[in-house]
Amino acid sequence: MIEWLIGTFLVIGVFFNLLASIGILRFPDVYTRIHAATKCTTFGTIFIVLATVTYSIYNYYWVAKNPAWVTIGIHSALVVIFLVLTNPVGAHALGRAARKSGIRPYGAVIDELEGRL
């Protein structure tokens, strides 16, 4: 039962990371690529880490009482926290840098930031 749950988490995580890869290759400009890279990889990584935490909890409570599994679970949870905190900030910085360097959004008719940045 637990193997199916972990496998489901991994499949969902890999699927969303694959969608991010396809989005990076297919989207027309840097802003939409940033969107694909940050949203999908964050969601996909959350599910992959959820699989890791589930596996570590399972191993600690039902297989072996090794405290190393608790450490792995805590470290994995910290990865998610740092990822959720830093990924939007990095995407914002990349988008702002692209806008300041003069890259306009693909197909944009109205530019509300013209002259503001």
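Me: Which residues is I34 in contact with, leaving aside its neighbours within four places in sequence?

Reply: Contact means heavy atoms within 4.5 Å. By that test, and with neighbours within four places in sequence left aside, I34 is in contact with A91, L94 and G95. I34 and L94 are 60 residues apart in sequence, yet 7.7 Å apart in space, C-alpha to C-alpha. Before going on, two notes: this is a predicted model, where local features need pLDDT of at least 70, side-chain atom pairs count only at pLDDT 80 or more, and totals for chains, interfaces and linings use all residues. Residues are numbered from 1 along each chain as its sequence is written, and side-chain values use heavy atoms, with hydrogens and water left out.

Me: Where is the place of I34, and why does I34 count as buried?

Reply: Helices (H or I, at least four residues) and strands (E, at least two) are DSSP runs, numbered from the N terminus. I34 has its place in helix α2. Buried means under 20% relative accessible area, exposed means over 50%, and partly exposed is in between (1.4 Å probe, protein chains only). I34 counts as buried because its relative accessibility is 13%.

Me: What does S76 touch, in terms of contact?

Reply: S76 is found in helix α3. Leaving aside neighbours within four places in sequence, S76 is in contact with V49, T52 and V53. At 11% relative accessibility, S76 counts as buried too.

Me: And V84: what does V84 touch?

Reply: V84 also has its place in helix α3. Not counting residues up to four places away in sequence, V84 touches T42 and I46. V84 and I46 sit 38 residues apart in sequence and 8.8 Å apart in space, C-alpha to C-alpha. V84 is partly exposed, because its relative accessible area is 40%.

Me: Which residues make up the largest nonpolar core?

Reply: The idea first: a nonpolar core is a set of buried Ala, Val, Leu, Ile, Met, Phe, Trp, Tyr and Cys residues joined through side-chain atoms within 4.5 Å. Here the largest one has five residues in all: I2, I6, F9, F47 and A51. Both α1 (2–26) and α2 (30–63) supply at least two residues of this core, and the largest share, three residues, comes from α1. As for F47, it touches F9, I12 and G13, not counting residues up to four places away in sequence.

Me: Which residues are buried in α1?

Reply: An α-helix has 3.6 residues a turn, so residues three or four places apart point the same way. In α1, the buried ones are I2, I6, F9, G13, A20 and G23. What covers them includes α2.

Me: How many Å should α1 span?

Reply: The expected span of a helix is 1.5 Å times one less than its number of residues. For the 25 residues of α1 that gives 36 Å, and the end C-alpha atoms are 36 Å apart, which agrees.

Me: Which residues make the nonpolar surface patch?

Reply: Like charges are joined within 9 Å, and nonpolar side chains (Val, Leu, Ile, Met, Phe, Trp, Tyr) within 5 Å. Areas come from the Shrake-Rupley method with a 1.4 Å probe, and for residues only the protein chains shown count as cover. Here V70, I74, L78, I81, F82 and L85 make a patch of about 540 Å². I74, in helix α3, is partly exposed, with a relative accessible area of 48%.

Definitions and conventions: Patch = residues over 30% accessible without salt bridge, like charges linked within 9 Å, V, L, I, M, F, W, Y side chains within 5 Å. Salt bridge = Lys/Arg side-chain N within 4 Å of Asp/Glu carboxyl O.
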